[in-house]
Amino acid sequence: MTNSFRTLDDVDVRGKRVLLRVDLNVPMEQGRVTDTTRLERVAPTITEIADKGGKAILLAHFGRPKGPDPKNSLRPVAAELAKVLGKPVAFADDCVGEPAQQAITAMKDGDILCLENTRFHKEEEKNDPEFVAELAKLGDIWVNDAFSAAHRAHVSTEGLGHKLPGYAGRTMQAELEALNKALEAPTKPVIAVIGGAKVSTKIDLLENLVSKVDALVIGGGMANTFLHAQGINVGKSLAEKDLAATALRIMEKAEAANCAIILPVDATVAFHFAANAPSQAYGLDAIPAEGMILDVGPQSVERVHSAIDDAATLVWNGPLGAFELTPFDHGTVVAAKHAAARTKTGKLVSVAGGGDTVAALNQAGVAGDFTYVSTAGGAFLEWMEGKPLPGVEVLRAK
């Protein structure tokens with residue numbers, strides 16, 4: 001599959017200035033990095049380029065600045081990255097112009113340099129051709145290792161690929177291989193578990209998946225919209241009742257595509273949206289008028305487990321209930337543990353992604369047991385929706 005994309009296997013980086021787009025958009029508190037997951041993800045590509053004698057020149061954005069802003073400087077992130085890499089990381093006060101040029105001129109083969117936040121220049125997000133040319137002057141080749149930003153056609157994520165020879169970094173390569181295994185050329189049967197609060201944010205996703213998977217488990221607040229569309233009383237539960245027709249259309253598409261839709265058959269109901277609120281399981285024909293569905297019920301969990309047992313490939317995006325509140329994380333956690341156990345025995349290829357999904361898998365303690373967990377939010381969703389990603393398309397082998 002990677003034959004369709006150019007990777008680091010296709011280039012000798014020795015002595016070359018490698019403009020390496022990475023994701024350094026890490027959480028910070030009081031000037032300190034609080035989670036180094038993304039730094040650890042990009043470390044193998046940076047290390048490989050440096051160890052092979054390339055000059056690793058890091059490009060990244062941080063936050064949403066409206067111009068140069070010390071609060072959004074990458075300087076503290078570069079310092080933390082140096083600790084993760086166990087190698088020095090130099091820093092330049094701008095990503096173009098004299099500061100960048102001088103810092104790159106001072107580099108020796110194998111050195112690592114982090115340039116300042118690309119979004120300090122408004123031209124970055126506009127994919128401005130002049131800014132592309134200015135950045136391109138600083139490198140000999142461009143490597144994109146930021147799948148999480150690949151859905152954006154910005155200068156550092158896509159524009160440079162039209163000016164310089166472009167290659168996928170190891171993180172990008174791993175992501176593309178995992179997603180290919182999950183949706184493009186999967187081992188069948190394929191099941192998708194899609195949860196979260198709202199159908200409205202995932203209409204494109206659901207419509208694409210019903211034509212690609214054999215079974216689709218729908219959970220979370222989204223499931224309430226589908227239940228309501230079928231005439232089931234969901235009490236005071238979160239539901240987008242105005243999308244009933246959309247839900248029915250998706251179910252019709254699924255039927256036409258021979259994709260089984262698996263909805264809850266019972267629910268864990270509480271009367272207050274709060275952690276540890278008193279709750280109990282109800283059948284769908286008995287949801288109290290004042291009740292709120294906050295998790296799938298025990299029979300629904302068994303159905304999800306059975307669907308996972310029947311599958312060879314699992315794609316997961318979104319929790320099955322209000323997982324941020326105990327005990328309403330139960331359905332998500334036990335289903336995640338079940339999928340992880342099957343993955344560990346080699347019976348399942350499991351790929352998960354999206355912010356809430358990663359948090360839920362970490363909560364269940366099984367993120368490391370899935371075949372692949374994507375830290376990309378928007379890009380992961382757009383890929384699942386079947387949309388071409390600009391930062392990926394530009395890496396395709398011509």
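## Close-up views of pockets, cavities and loops

The structure holds two cavities of 30 Å³ or more. This is a predicted model, where local features need pLDDT of at least 70, side-chain atom pairs count only at pLDDT 80 or more, and totals for chains, interfaces and linings use all residues. Residues are numbered from 1 along each chain as its sequence is written, and side-chain values use heavy atoms, leaving out hydrogens and water.

**View 1. The largest cavity is lined by 13 residues.** On a 1 Å grid over the protein atoms alone, a cavity is a set of points where a 1.4 Å probe fits but cannot get out. Lining residues have an atom within 4 Å of a point. The volume here is about 110 Å³. A volume is the space filled by probe spheres set on the grid points, which are joined across faces, edges and corners. Nearest the centre of the largest cavity lie Asp23, Asp145, Ser148, Thr171 and Thr375. Helix 1 and helix 6 (170-184) are the elements that give two or more residues to this lining. Helices are DSSP runs of H or I with at least four residues, strands are runs of E with at least two, and both are numbered from the N terminus. Helix 1 supplies the largest share, three residues. By class, the lining divides into five nonpolar, three polar and five charged residues. Ala, Val, Leu, Ile, Met, Phe, Trp, Tyr, Cys and Pro count as nonpolar; Asp, Glu, Lys and Arg count as charged; the others, Gly among them, count as polar.

**View 2. The second largest cavity has a volume of about 40 Å³.** Which classes make up its lining? Eight residues are nonpolar, two are polar and none is charged. Among the lining residues are Val217, Ile218, Leu263, Pro264 and Ser300. Strand 10 (215-218) and helix 10 (298-310) each supply at least two residues.

**View 3. The largest pocket holds about 520 Å³ of space.** A pocket is an open set of grid points with protein on both sides within 12 Å along at least five of seven lines. The lining of the largest pocket has 37 residues. Gly196, Ala197, Gly221, Gly321 and Ala322 lie nearest its centre. Helix 8 (220-229), strand 14 (292-296) and helix 12 (355-364) each give at least two residues to the lining. The lining has 16 nonpolar, 15 polar and six charged residues.

**View 4. The second largest pocket has a volume of about 300 Å³.** Its lining counts 16 residues, and Asp35, Thr37, Val358, Asn362 and Thr375 lie nearest the centre. Which element gives the most to this lining? Helix 1 does, with three residues. Helix 1 (37-51), helix 12 and strand 17 (372-374) each supply at least two. Seven lining residues are nonpolar, six are polar and three are charged.

**View 5. Arginine 41 meets the ring of tyrosine 372.** The charged end of arginine 41 sits over this ring, 5.4 Å from its centre. A charge sits over a ring if NZ of Lys or CZ of Arg is within 6 Å of the ring centre and within 35 degrees of the ring normal.

**View 6. Serine 200 lies in the loop between strand 9 (190-194) and helix 7 (203-209).** Serine 200 is partly exposed because its relative accessible area is 36%. Buried means under 20% relative accessible area, exposed over 50%, and partly exposed in between, with a 1.4 Å probe and protein chains only. Leaving aside neighbours within four places in sequence, serine 200 is in contact with Glu240 and Leu243. Contact means heavy atoms within 4.5 Å.

**View 7. Glutamate 385 sits in the loop between helix 13 (378-384) and helix 14 (390-393).** Is glutamate 385 buried or exposed? Glutamate 385 counts as buried because its relative accessibility is 14%. Not counting residues up to four places away in sequence, glutamate 385 touches Asp204, Leu205 and Asn208.

**View 8. Glutamine 30 has a positive phi, near 50°, in a residue other than glycine.** Glutamine 30 is found in the loop between strand 2 (28-29) and strand 3 (32-33). Its relative accessible area is 85%, so glutamine 30 is exposed.

**View 9. The peptide bond from lysine 188 to proline 189 is cis, with omega near 0°.** Proline 189 lies in the loop between helix 6 and strand 9.
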